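Let's take a friendly walk through a protein model. Have a look at the sequence and the structure, and then read on.

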Amino acid sequence: MQSGLYIVGTPIGNLSDMSPRAIDVLQNVDLIAAEDTRVFAKLASHFDIKTPRVSCHEHNERDVVPELIEKLQSGATVAAVSDAGMPGISDPGFRLVRAARAANVPVYVVPGPVAAISALVLSGFPTDRFTFCGFFDEKKLHDDNKIRHTIIYYESPGRIMATIAAMARVMPERQIAIVREITKIHEETIIGYPADLMHIDAPRGEIVIVVAPAPDKKMTDAEISEIINDVAASSTKSAAADLAARTGISKKEAYRRMLNKGDAK
């Protein structure tokens, strides 16, 4: 093998998705940097991978990465794996790659499954432009809604229903796909408007949310008026921000409409 760092994708659920090349690389490198060596041990046992391994995760990267770079500069071969999928996609990995590039160490990729891309394809939503926003953060939802093309989030089963409710408030006109347990026996894709999905049984397992692009059709004045009545209980400034996010009109126009609503009382 050529010396350098190998970024290796591993299955996200179905072990049959492990590629022959990934097995070969992991069996033959000098060292494996795993997000969690205990999790990787199960994969290693299944594929008879006996290579020495070291933990490399977000809490110890600062100490471990320089040691790995030193080994790589000495001509060693090192493979990096996360608990599942491609390292660096909401998982440890990118700091190690960045450090390797800075040290002029060769970096190779061994592609594998990515939950975000798999969910995007399963949703049936447009794929020509999309933004992956990592794990869902409700505080950023209003800003995220300004992204008018497809959006992808990761989410946990414990928060999914609250997330659907937040989307129903902020982006009610955009369809969402709840994709869970990708490649596993209970794989499922549920598609609908957030308000329609608020009362489903809480999905379990590993979850990806895909948000459809915002509709091109602008809301009518009557539709905007309905939303104005809905948000009017808040202060004028916060209600205007909510109105702008939910209708697509500018914040200035939303603020004007909220002031007119107040004058009309």
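## A helix and its surroundings

Glycine 124, which comes just after helix 5, has a positive phi of about 80 degrees. Before going further, please keep in mind that this is a predicted model.

Helix 5 itself runs over residues 115–123, and its buried residues are Ala115, Ala116, Ala119, Leu120 and Ser123. These residues lie on the same side of helix 5, because they cover an arc of only 135 degrees around the axis. What covers the buried residues of helix 5? The cover includes strand 6 (130–135), strand 7, strand 8 (176–180), strand 9 (188–192) and strand 10 (207–211).

## The chain as a whole

The C-alpha trace spans about 75 × 40 × 30 Å along its principal axes.

How much of the chain is buried? Of the 265 residues, 45% are buried. The protein chain exposes about 14,100 Å², and 50% of that area is supplied by carbon and sulfur atoms. As for contacts with a separation of 6 or more, 65% of them are between residues 24 or more positions apart.

## Some residues to look up

Isoleucine 164 sits in helix 7 (residues 160–170). Is isoleucine 164 buried or exposed? It counts as buried, because its relative accessibility is 0%. Beyond its neighbours within four places in sequence, isoleucine 164 is in contact with Ile176, Ile178, Pro194, Leu197, Met198 and Ile200. From isoleucine 164 to histidine 142 the C-alpha to C-alpha distance is 14 Å, and the two are 22 residues apart in sequence.

Asparagine 145 belongs to the loop between helix 6 (141–144) and strand 7 (150–155). With a relative accessibility of 1%, asparagine 145 counts as buried. Where does its side chain make a polar contact? The partner is the side chain of arginine 174, at 3.0 Å.

In general, most residues other than glycine have a negative phi. Aspartate 48 has a positive phi of about 55 degrees although it is not a glycine, and it is found in the loop between helix 2 (37–46) and strand 3 (53–55). Glutamate 181 also has a positive phi, near 55 degrees, and its place is the loop between strand 8 and strand 9.

| Residue | Relative accessibility | Class |
|---|---|---|
| Aspartate 48 | 48% | partly exposed |
| Glutamate 181 | 14% | buried |
| Cysteine 56 | 7% | buried |
| Cysteine 133 | 26% | partly exposed |

Why does glutamate 181 count as buried? Its relative accessible area is 14%, and buried means under 20%. Cysteine 133, at 26%, counts as partly exposed.

How many disulfides are there? The count comes to zero, going by the rule that a disulfide is a pair of cysteine sulfur atoms within 2.5 Å.

Key
Residues are numbered from 1 along each chain as its sequence is written. This is a predicted model: local features need pLDDT of at least 70, side-chain atom pairs count only at pLDDT 80 or more; totals for chains, interfaces and linings use all residues. Side-chain values use heavy atoms; hydrogens and water are left out. Buried means under 20% relative accessible area, exposed over 50%, partly exposed in between (1.4 Å probe, protein chains only). Helices (H or I, at least four residues) and strands (E, at least two) are DSSP runs, numbered from the N terminus. A polar contact is a pair of N or O atoms within 3.5 Å; within protein, one must be able to donate a hydrogen and the other to accept it, and residues adjacent in sequence count only if both atoms are side-chain atoms. Contact means heavy atoms within 4.5 Å. Accessible areas come from the Shrake-Rupley method with a 1.4 Å probe; for residues, only the protein chains shown count as cover. The arc is that of the directions from the helix axis to the C-beta atoms.
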